[in-house]
Amino acid sequence: MFVHLHRVKKSYGTGETAAVVLKGVDLELGKGEVGVILGPSGSGKSTLLNLIGGIDHADSGTVTVGGSDVTGLNDNGLVEYRREHVGFIFQFYNLIPNLTVGENVEVVSHISKAPLPIDQVLEAVGMLDKKSRFPRELSGGEQQRVAIARAVVKNPQLLLCDEPTGALDFNTSRDILKLLQSINGDYGTTILMITHNTAISAMAHRVYKVRDGEIVETLANASILPAERMEW
(Lines give C-alpha, C1' and ligand atoms only; values in the text may rest on other atoms or scores of the structure.)
Protein backbone atom coordinates (compact mmCIF):
# COMPACT_ATOMS: atom_id res chain seq x y z
CA MET A 1 0.00 0.00 0.00
CA PHE A 2 1.21 3.51 -0.82
CA VAL A 3 -0.12 5.02 2.44
CA HIS A 4 -0.01 2.71 5.45
CA LEU A 5 -0.77 3.63 9.07
CA HIS A 6 -0.35 1.03 11.80
CA ARG A 7 -1.70 1.57 15.32
CA VAL A 8 -1.15 5.33 15.22
CA LYS A 9 -1.86 7.18 18.46
CA LYS A 10 -1.85 10.92 19.16
CA SER A 11 -2.62 12.97 22.27
CA TYR A 12 -2.25 16.63 23.14
CA GLY A 13 -1.27 17.72 26.61
CA THR A 14 0.03 15.59 29.46
CA GLY A 15 -1.20 13.83 32.54
CA GLU A 16 -4.84 14.00 33.54
CA THR A 17 -5.52 16.89 31.17
CA ALA A 18 -4.26 15.03 28.08
CA ALA A 19 -6.71 14.92 25.19
CA VAL A 20 -6.53 11.63 23.31
CA VAL A 21 -7.20 12.39 19.64
CA LEU A 22 -6.24 9.16 17.85
CA LYS A 23 -6.54 5.78 19.55
CA GLY A 24 -4.51 3.35 17.46
CA VAL A 25 -5.55 4.00 13.86
CA ASP A 26 -4.89 1.57 10.99
CA LEU A 27 -5.33 2.85 7.42
CA GLU A 28 -4.27 1.70 3.95
CA LEU A 29 -4.56 3.54 0.60
CA GLY A 30 -3.17 2.27 -2.69
CA LYS A 31 -1.03 4.28 -5.11
CA GLY A 32 -3.17 6.28 -7.53
CA GLU A 33 -6.30 5.85 -5.42
CA VAL A 34 -8.68 8.45 -3.99
CA GLY A 35 -9.52 8.08 -0.32
CA VAL A 36 -12.16 9.97 1.67
CA ILE A 37 -12.13 10.30 5.45
CA LEU A 38 -15.60 10.96 6.86
CA GLY A 39 -16.44 12.05 10.37
CA PRO A 40 -17.90 14.79 12.57
CA SER A 41 -15.93 17.73 13.93
CA GLY A 42 -13.54 16.68 16.68
CA SER A 43 -13.32 13.07 15.52
CA GLY A 44 -9.60 13.28 14.66
CA LYS A 45 -9.81 13.73 10.87
CA SER A 46 -7.51 16.75 10.61
CA THR A 47 -4.99 15.28 13.05
CA LEU A 48 -4.89 12.15 10.93
CA LEU A 49 -4.22 14.20 7.79
CA ASN A 50 -1.53 16.24 9.56
CA LEU A 51 0.32 13.08 10.64
CA ILE A 52 0.25 11.68 7.10
CA GLY A 53 1.39 15.04 5.74
CA GLY A 54 4.31 15.30 8.15
CA ILE A 55 2.93 18.43 9.82
CA ASP A 56 2.66 16.72 13.20
CA HIS A 57 4.32 13.78 14.99
CA ALA A 58 2.55 10.61 16.10
CA ASP A 59 3.03 9.54 19.73
CA SER A 60 3.32 5.90 18.67
CA GLY A 61 2.66 3.64 15.71
CA THR A 62 3.98 4.05 12.18
CA VAL A 63 3.05 6.25 9.21
CA THR A 64 4.52 4.95 5.95
CA VAL A 65 4.12 6.79 2.62
CA GLY A 66 5.65 5.41 -0.56
CA GLY A 67 7.79 3.03 1.46
CA SER A 68 9.25 5.81 3.64
CA ASP A 69 8.67 5.77 7.40
CA VAL A 70 7.42 9.32 8.05
CA THR A 71 7.38 8.73 11.81
CA GLY A 72 11.13 8.12 11.73
CA LEU A 73 11.99 11.49 10.17
CA ASN A 74 13.48 14.37 12.14
CA ASP A 75 12.30 17.96 11.61
CA ASN A 76 14.60 18.53 8.62
CA GLY A 77 13.51 15.23 7.13
CA LEU A 78 9.86 16.20 7.51
CA VAL A 79 10.49 19.51 5.72
CA GLU A 80 12.07 17.63 2.82
CA TYR A 81 9.23 15.09 2.81
CA ARG A 82 6.55 17.79 2.66
CA ARG A 83 8.41 19.73 -0.01
CA GLU A 84 9.11 16.82 -2.31
CA HIS A 85 6.22 14.41 -1.85
CA VAL A 86 3.08 16.11 -0.51
CA GLY A 87 0.68 18.76 -1.79
CA PHE A 88 -1.84 20.38 0.54
CA ILE A 89 -5.26 21.87 -0.26
CA PHE A 90 -7.28 23.51 2.50
CA GLN A 91 -10.81 24.85 2.92
CA PHE A 92 -9.43 28.39 2.94
CA TYR A 93 -7.22 29.07 -0.01
CA ASN A 94 -4.26 30.82 1.68
CA LEU A 95 -3.20 32.57 -1.51
CA ILE A 96 -0.64 35.37 -1.25
CA PRO A 97 -2.78 38.48 -1.91
CA ASN A 98 -0.12 40.65 -3.55
CA LEU A 99 0.96 37.96 -6.02
CA THR A 100 -0.84 37.14 -9.26
CA VAL A 101 -2.32 33.74 -10.04
CA GLY A 102 0.80 32.79 -11.99
CA GLU A 103 3.12 34.03 -9.25
CA ASN A 104 1.21 32.16 -6.52
CA VAL A 105 1.81 28.94 -8.43
CA GLU A 106 5.35 29.81 -9.52
CA VAL A 107 6.59 30.48 -5.98
CA VAL A 108 5.75 26.88 -5.04
CA SER A 109 7.25 25.41 -8.21
CA HIS A 110 10.65 26.79 -7.17
CA ILE A 111 10.81 24.54 -4.10
CA SER A 112 10.28 21.32 -6.05
CA LYS A 113 13.03 19.33 -7.76
CA ALA A 114 10.72 18.19 -10.56
CA PRO A 115 7.84 20.68 -10.92
CA LEU A 116 5.26 20.48 -13.67
CA PRO A 117 5.12 23.34 -16.22
CA ILE A 118 3.18 26.23 -14.67
CA ASP A 119 1.06 26.97 -17.76
CA GLN A 120 0.20 23.29 -18.13
CA VAL A 121 -1.10 23.12 -14.57
CA LEU A 122 -3.01 26.41 -14.87
CA GLU A 123 -4.61 25.15 -18.05
CA ALA A 124 -5.54 21.89 -16.33
CA VAL A 125 -7.42 23.80 -13.60
CA GLY A 126 -9.00 26.22 -16.07
CA MET A 127 -7.11 29.31 -14.85
CA LEU A 128 -4.55 29.98 -17.58
CA ASP A 129 -6.57 32.92 -18.92
CA LYS A 130 -6.50 34.48 -15.43
CA LYS A 131 -2.76 34.05 -14.90
CA SER A 132 -2.23 37.80 -14.39
CA ARG A 133 -5.17 38.34 -12.03
CA PHE A 134 -4.81 38.88 -8.29
CA PRO A 135 -6.70 36.75 -5.71
CA ARG A 136 -9.05 39.66 -4.87
CA GLU A 137 -10.22 39.61 -8.49
CA LEU A 138 -11.30 35.95 -8.33
CA SER A 139 -14.37 34.13 -7.05
CA GLY A 140 -14.07 31.58 -4.25
CA GLY A 141 -14.15 28.72 -6.71
CA GLU A 142 -11.44 30.32 -8.84
CA GLN A 143 -9.26 30.87 -5.79
CA GLN A 144 -9.65 27.22 -4.88
CA ARG A 145 -8.61 26.26 -8.43
CA VAL A 146 -5.45 28.31 -7.97
CA ALA A 147 -4.84 26.63 -4.61
CA ILE A 148 -5.15 23.25 -6.34
CA ALA A 149 -2.75 24.35 -9.09
CA ARG A 150 -0.29 25.51 -6.44
CA ALA A 151 -0.41 22.08 -4.78
CA VAL A 152 -0.23 20.12 -8.04
CA VAL A 153 2.63 22.08 -9.66
CA LYS A 154 5.03 20.41 -7.20
CA ASN A 155 4.16 17.13 -8.93
CA PRO A 156 3.45 15.52 -5.54
CA GLN A 157 2.96 11.82 -5.05
CA LEU A 158 0.27 12.52 -2.47
CA LEU A 159 -2.37 15.27 -2.42
CA LEU A 160 -3.98 15.92 0.97
CA CYS A 161 -7.26 17.88 0.97
CA ASP A 162 -8.80 19.29 4.15
CA GLU A 163 -12.46 20.15 3.44
CA PRO A 164 -11.59 21.54 -0.03
CA THR A 165 -15.24 22.35 -0.82
CA GLY A 166 -16.30 23.47 2.66
CA ALA A 167 -16.49 27.17 1.75
CA LEU A 168 -18.09 26.69 -1.69
CA ASP A 169 -21.63 26.43 -3.04
CA PHE A 170 -22.97 23.19 -4.55
CA ASN A 171 -22.16 23.82 -8.22
CA THR A 172 -18.68 25.16 -7.49
CA SER A 173 -18.03 22.29 -5.09
CA ARG A 174 -18.93 19.76 -7.74
CA ASP A 175 -16.64 21.51 -10.24
CA ILE A 176 -13.75 21.34 -7.75
CA LEU A 177 -14.38 17.64 -7.08
CA LYS A 178 -14.49 17.01 -10.82
CA LEU A 179 -11.14 18.77 -11.10
CA LEU A 180 -9.62 16.65 -8.33
CA GLN A 181 -10.91 13.54 -10.05
CA SER A 182 -9.28 14.69 -13.30
CA ILE A 183 -5.96 15.30 -11.55
CA ASN A 184 -6.12 11.80 -10.11
CA GLY A 185 -6.73 10.38 -13.57
CA ASP A 186 -4.34 12.58 -15.56
CA TYR A 187 -1.36 12.60 -13.21
CA GLY A 188 -1.93 9.40 -11.22
CA THR A 189 -1.81 11.44 -8.01
CA THR A 190 -2.88 9.66 -4.86
CA ILE A 191 -5.51 11.82 -3.13
CA LEU A 192 -6.73 11.69 0.46
CA MET A 193 -9.55 14.04 1.40
CA ILE A 194 -11.38 14.76 4.64
CA THR A 195 -14.96 15.98 4.63
CA HIS A 196 -18.26 16.10 6.51
CA ASN A 197 -20.14 15.49 3.26
CA THR A 198 -21.03 11.79 2.94
CA ALA A 199 -22.02 12.19 -0.74
CA ILE A 200 -18.36 12.81 -1.66
CA SER A 201 -17.52 9.25 -0.61
CA ALA A 202 -19.05 8.00 -3.88
CA MET A 203 -16.05 9.34 -5.85
CA ALA A 204 -13.50 7.50 -3.68
CA HIS A 205 -11.83 4.13 -4.05
CA ARG A 206 -11.70 3.81 -0.27
CA VAL A 207 -13.80 5.42 2.46
CA TYR A 208 -12.77 5.66 6.12
CA LYS A 209 -15.38 6.51 8.76
CA VAL A 210 -13.83 8.13 11.82
CA ARG A 211 -15.48 8.53 15.22
CA ASP A 212 -13.89 9.51 18.54
CA GLY A 213 -10.33 8.99 17.32
CA GLU A 214 -10.88 5.61 15.71
CA ILE A 215 -11.63 4.35 12.21
CA VAL A 216 -14.85 2.48 12.87
CA GLU A 217 -15.45 1.33 9.29
CA THR A 218 -13.45 1.07 6.02
CA LEU A 219 -15.26 0.62 2.72
CA ALA A 220 -13.97 -0.11 -0.79
CA ASN A 221 -16.25 1.15 -3.54
CA ALA A 222 -16.88 -1.34 -6.33
CA SER A 223 -17.52 1.53 -8.76
CA ILE A 224 -16.53 5.20 -8.78
CA LEU A 225 -19.17 7.87 -9.39
CA PRO A 226 -18.08 10.70 -11.73
CA ALA A 227 -18.11 13.95 -9.77
CA GLU A 228 -20.43 15.65 -12.27
CA ARG A 229 -23.16 13.14 -11.31
CA MET A 230 -22.92 13.73 -7.59
CA GLU A 231 -25.88 15.20 -5.70
CA TRP A 232 -26.40 16.25 -2.08
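Mentor: Start with Glu80, which forms a salt bridge with Lys113; their closest N and O atoms are 3.4 Å apart. This pair links distant parts of the chain, since Glu80 is in helix H2 and Lys113 in the loop between H3 and helix H4 (118-124), 33 residues apart. Keep in mind that the model is predicted.

Trainee: Where do Arg83 and Glu80 lie?

Mentor: Both are in helix H2 (residues 75-85), 3 residues apart, which is about one turn of the helix. As a general point, an α-helix has 3.6 residues a turn, so residues three or four places apart point the same way.

Trainee: Is Lys113 buried or exposed?

Mentor: Lys113 is exposed, with a relative accessible area of 68%. Arg83 is partly exposed at 30%, and Glu80 is partly exposed at 28%.

Trainee: How many salt bridges does the count come to?

Mentor: The count comes to 11 salt bridges. One of them is between the side chains of Asp59 and Lys10, at 3.9 Å from N to O. Asp59 lies in the loop between helix H1 (45-52) and strand S4 (60-65), and Lys10 lies in strand S1 (residues 3-12), so the pair ties together parts that are 49 residues apart in sequence.

Trainee: What are the relative accessible areas of Asp59 and Lys10?

Mentor: Asp59 has 46% and is partly exposed. Lys10 has 7% and is buried.

Trainee: How many residues of H1 are buried?

Mentor: In H1, 6 of the 8 residues are buried, so the helix is mostly covered. The buried ones are Lys45, Thr47, Leu48, Leu49, Leu51 and Ile52. After H1 comes Gly54, which has a positive phi, near 75°.

Trainee: Now the sheet. In what order do the 6 strands stand?

Mentor: In general, strands of a sheet pair through backbone hydrogen bonds, either parallel or antiparallel. In this model, the order is S6-S7-S8-S3-S9-S10, the sheet is open, and the pairing is mixed.

Trainee: Which strands stand at the edges?

Mentor: Strand S6 (86-90) and S10 do; each has a single partner strand, so one side of each is left without a neighbour in the sheet. On average, neighbouring strands of this sheet are turned by 15° against each other, direction ignored.

Trainee: How many bridges join S6 to strand S7?

Mentor: There are 5 bridges between S6 and strand S7 (residues 158-162), and the two run parallel. Phe88 stands opposite Leu160 in S7. Helix H6 (residues 170-187) packs on the sheet, where it touches strand S3 (34-38), S6, S7 and strand S8 (190-195). The direction of H6 makes about 155° with that of S8.

Trainee: What does Thr218 in strand S10 touch, not counting residues up to four places away in sequence?

Mentor: Thr218 touches Val207 and Tyr208 on that basis. Strand S10 covers residues 214-220, and Thr218 is partly exposed, with a relative accessible area of 46%. Thr218 and Ile37 are 181 residues apart in sequence, yet 9.3 Å apart in space, C-alpha to C-alpha.

Methods: Residues are numbered from 1 along each chain as its sequence is written. This is a predicted model: local features need pLDDT of at least 70, side-chain atom pairs count only at pLDDT 80 or more; totals for chains, interfaces and linings use all residues. Side-chain values use heavy atoms; hydrogens and water are left out. A salt bridge is a side-chain nitrogen of Lys or Arg within 4 Å of a carboxyl oxygen of Asp or Glu. Helices (H or I, at least four residues) and strands (E, at least two) are DSSP runs, numbered from the N terminus. Buried means under 20% relative accessible area, exposed over 50%, partly exposed in between (1.4 Å probe, protein chains only). Contact means heavy atoms within 4.5 Å. Two strands pair if DSSP finds at least two bridges between them. Axes are lines fitted to C-alpha atoms, for helices over the stretch in contact, and angles run from 0 to 180 degrees between N-to-C directions.
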